[in-house]
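Visitor: I would like to take a close look at a single part of what is shown here, with the terms spelled out as you go.

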2 protein chains.
Amino acid sequence: MTGRTRRSTIGPTPAGGNSKQANGSKQSSAGEKTPSHPSHSNGKVKKEKQVCHVLQESLLSSASGYSNYRGILNWCVVMLVLSNARLFLENLLKYGILVDPVQVVSLFLKDPYSWPAPCLVIGIYLNLLPLWHANCIIVVGTISETTGTFLYLVNLTTLLCFPSATVLTLTSMTPAGGVFALGVYTILFMKLYSYKDVNMWCREIRHTKAHIYYFVFAPTLCYELNFPRSPRIRKSFLLRRLFEMLFFIQLLIGLVQQWIVPTIQNSMKPFQDMDFSRMMERMLKLAVPNHLIWLIFFYWFFHSSMNFVAELMQFGDREFYRDWWNSETVTYFWSNWNIPVHKWCLRHFYKPIMRRGVNKWVAQTAVFLVSAFFHEYLVSVPLKMFRLWAFMGMMSQIPLAWFVGRFLRGNHGNAAVWISLIIGQPVAVLMYVHDYYVIHYMSQS
Amino acid sequence: MTGRTRRSTIGPTPAGGNSKQANGSKQSSAGEKTPSHPSHSNGKVKKEKQVCHVLQESLLSSASGYSNYRGILNWCVVMLVLSNARLFLENLLKYGILVDPVQVVSLFLKDPYSWPAPCLVIGIYLNLLPLWHANCIIVVGTISETTGTFLYLVNLTTLLCFPSATVLTLTSMTPAGGVFALGVYTILFMKLYSYKDVNMWCREIRHTKAHIYYFVFAPTLCYELNFPRSPRIRKSFLLRRLFEMLFFIQLLIGLVQQWIVPTIQNSMKPFQDMDFSRMMERMLKLAVPNHLIWLIFFYWFFHSSMNFVAELMQFGDREFYRDWWNSETVTYFWSNWNIPVHKWCLRHFYKPIMRRGVNKWVAQTAVFLVSAFFHEYLVSVPLKMFRLWAFMGMMSQIPLAWFVGRFLRGNHGNAAVWISLIIGQPVAVLMYVHDYYVIHYMSQS
C-alpha cells in the first residue's frame, strides 16, 4: 500500500499529480476506517504499524522525475497582488489622496478663453469635404496628372505641417492639447492616403457625403469600398463598452495623479546629480505603474473605445489587436498589438515598396523608420523640444528584434518582449520628463 | 485567406494558439512573395488589395471564444523579478551592506566563556544510552508495569522540562541558542516515544549501540526495526547537497540581516503608536522577505540538509515533503509539507486515539492542539515570554481549514493556502518581536 502511494506521488504528469491528491485523501480515510475491519489479522495490523518507511527519492531531486508545479502560478499571482497592495498603501500613507478630476482640465486648457486644440480639430472636420473632393478630382483626371499629384502632395503636407506649426507657435497650447490635435491630424493623414491609394487602384469613386464621413469616423485606417457591417447594434454590448470607457479613463487619470506624478517628482534630484544607482531605482519604481497604466490604456483604447465606436457604427471588423501578450519575438509584438496601424503600414507602405523589388529587410527597416518618425512627431512637437528619444526608442527595436529572434525561443522570447515593454517605456518617459523639467523649471530658478 | 487567419486566430486551445503564430508568419511571408507569382491575374491582386476587413469579434470579447493567455505567466514572473530587484536596490541604497557573518556568532553566544546551548545538546547525547536502556527495561518487563510506566513518563517529562528549565534560568542563554537546544530535545522526545511504541507493539528489542545511534541521527522520527537502506553513497549527490547547505545558510543569514532586521526596526514606531494602516503596511513589507526566507529555509532544511544526512547514513526513505505547493486545502498543506512530523503524528497520536473510537474531528483537533503546544513551547521558552501567539496561530488553522475546504476549490483554494502562508507568518513574527522589544528596550529607556 505504501508502495502504491509512492508511485502515484512521483507521477510526472499533472494528471498524475491530481489523481495523487485524490488518492492521498482516499487512502487516509481508508486508513482511518481500519479499526472497523475485523477481518484484518492482528499480525497484519502489527506489520503495517511497524513498517512506515520505503526506499524513495525526494520530489525535488531530479531522480524523482516529478514536474508538477501548478501551484507556482498561483504563488506568482498572490505575491504580485500583495506586493502591489503594499505599494498602494505606502503611496497613500506618504502622499494622501492626490486624485483631482478638475485638475485634468488644466492639462488641456491654460487660458479658459482660448481653446486652441479643440479649434484645430473642429477646423479640420469642417474642411473634410473640400479636402476629400480635391482628392477625387485628382483620381477622376479632370486635371493633368502632374497638377493632380502636386495638389495631392500639398494636401498631405498641409495635414502634417499646419497643425504642428500651430502647436509650436501658440503659447496657449498645452502639451496634452497638442498631442490630441496632432493625433487627430495624423489619423486623418493616414486615412486620406489610404483613400487615394484605393481609388487609384480601382478607378472607381464613391464620394457621397455619408460614405466619406463613415470612413472618417470608422475605427480603421484602411479604406475599402464596402466595409463589412455587423447585423445590428447590441445595446448591452454598447453599454458595457461605454461603462468601461468611463471607468478606465477615470482609473487612468487617478493612477497618473496618485502614482506617476509623485514618483517622477522624486526622480528629478537623482537625474540632476546623475546618480546612476538611484536613477536605476527610480526607473524601476516608475516601471510598475507605467506598465499598469499602459496595459489599462491598451484595454481602454483598443478594446473598449474602438469596440464602442464600431458597435455604434455597425462596423464589422473588430480585430483591433491580436494575441500580442503571447508574442515570442519583437516583430510579432509590433505586428499584433496595434492592428489598424499595422494593417495600414502593410497595405500602403510595406507591400507597395516590396512590389518595387526592395529587399525585405530594407522594407522592414523603412517601416520602423516611418513609425519612429511619427512617434517622435507626436511627442516632440507638443512638448516643443526635439530630443529624438522616441525616435531612438523605436529604432532600437530593430537590433532588439534581431537579438531576440536570433538567441531566444519560446518562453524566454516572450519574457524578453515583456521586459523590453516594461523597462523601455519608463526610460523614454523619464528622459523626456527630465529634459522638460530642466528647460521649464531650472531656467526659472 | 483572411477568413482562415481569423479562424485560426480565435482557436480556443493553446495548441491552436501555437499553430496560429506559426501560420501568421507563414502567411505574411507568402504575402511578401506575391509579386513573384506572375500567374496571379491582375484583377485578383486588385480585389485582394481592396478588401482588407472581415466580420469578426475582438479577442477579448467573450463572443470570440479565445482563451490562450500563456504569456501572462511570463508576465507575472517578469513583474515579480523586476519588483523585487527594485526593492533590493532600494534596500542597498538606504542601508548599505548590513551582512556580517561574524555577528551571527553573537546570536548564539552572549558570553564567550559560557556555552549553555551546546552543553545542553552534548549532555543529552552523552546520556542517550542510559535513557534508551531505561526504555528497554520497561518493555522487557524486568520490573513491574506500573513502575515501568512511571519511569517512562519521568523520562519523557524530563526530556521536555529539564532543557526548558535550563533555558529559562540561565541568563547567558540567547534566544537562538535556546531554540536550537529545545529543538534537539523535542526531536529526541519524539524519537524516544516512537521507539517505545514500536517496541511495545512487537515485543522485540534490538538495543545494540549502533542500532540506537543510527535511529537517533537518522532523518526520521518514526522508529522501525529495519529501515530501508540505499545501496551506496552517491558522492556527487552528497557534494551537491553539502554545497547547497553551505550556500543557503549564508543566503538565509544575509537576507535576515539585510532585509528583515531593518524592516522590523522600522516597524516598532507604528506598533507602539497602534497606527493600524502603517502596521498593515509594515506587515506587508515584512511578508515578502519573510516568505522568501521561509521558502529558502524549507529547501535548505527539508531538501538539502535531510538528504545530505540521509545520503551519508544510506537512509533510503527520502520522502521528507510532498507536493504541498499544489495544496488546495489547508489540511493537505499541513499533512504534506513536513512529512517526518506528519508521519509521527499519524502513527503515534492520531491512529492510536482513532483506534480507541474517538471521533475523527476530535482527533484532528487534538493533533493541531499538540502541534500548537510544541510551536508555542519552541518559541515562548527561548524568548522567556508567554504570549500564546504561536499557539493561537496554529489553532486558527482549524477554522481556516474548515473555511477553505467548505468554500474554495481548485486554484482558489491553492491561492488561499498561499495567502495564509504569506500573511500569517509575518503577523506572528511581528507580534513576538514587538512584545520582545517592548519588554527589553522600552523598560530600559
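At what relative accessibility does E90(B) stand, and does E90(B) count as buried or exposed?

Guide: E90(B) has a relative accessibility of 18% and therefore counts as buried, where buried means under 20% relative accessible area, exposed means over 50%, and partly exposed lies in between (1.4 Å probe, protein chains only). This is a predicted model, in which local features need pLDDT of at least 70, side-chain atom pairs count only at pLDDT 80 or more, and totals for chains, interfaces and linings use all residues, while side-chain values use heavy atoms, with hydrogens and water left out. Residues are numbered from 1 along each chain as its sequence is written, and chains are lettered from A, and ligands numbered from 1, in the order in which they are written.

The side chain of E90(B) meets that of R86(B) in a salt bridge of 3.7 Å, N to O, a salt bridge being a side-chain nitrogen of Lys or Arg within 4 Å of a carboxyl oxygen of Asp or Glu. Both residues lie in helix α4 (residues 70–95) of chain B, four residues apart, about one turn of the helix, with helices (H or I, at least four residues) and strands (E, at least two) taken as DSSP runs numbered from the N terminus. R86(B) is buried as well, with a relative accessible area of 5%.

In chain A, the residues R86(A) and E90(A) belong to a network of salt bridges that also links K285(A), E281(B) and R282(B). As for R282(A), this residue lies in helix α12 of chain A and, at 11% relative accessibility, counts as buried. Apart from neighbours within four places in sequence, R282(A) is in contact (heavy atoms within 4.5 Å) with T263(A), N266(A), S267(A) and P270(A).

The setting for this is the interface, where 94 residues of chain A are in contact with 94 residues of chain B. The area buried between the two chains, that is, the accessible area (1.4 Å probe) that two parts lose on being put together, summed over both, is about 8,900 Å², with carbon and sulfur atoms giving 61%. The rule finds four salt bridges across the interface, and one side-chain pair that meets in a salt bridge is E57(B) and R234(A), at 3.2 Å, N to O. Among the helices of chain A that each supply at least two residues to the side touching chain B are α4 (70–95), α9 (175–202) and α12 (276–312). The largest share of that side, 19 residues, comes from α4(A).

R234(A) also forms a salt bridge with E311(A), the closest N and O atoms being 3.0 Å apart. This pair links distant parts of the chain, with E311(A) in helix α12 of chain A and R234(A) in the loop between α10 (209–217) and α11 (235–273), 77 residues apart. At 0% relative accessibility E311(A) counts as buried, whereas R234(A), with a relative accessible area of 22%, is partly exposed.

Finally, the relation of the copies: a rotation of 180° with 0.1 Å of shift along its axis superposes chain A on chain B with an RMSD of 0.1 Å, by least squares on the C-alpha atoms of residues with pLDDT of at least 70 in both. The two copies are thus related as by a two-fold rotation axis, and the same surface serves both, since 100% of the contact residues of chain A recur in chain B.
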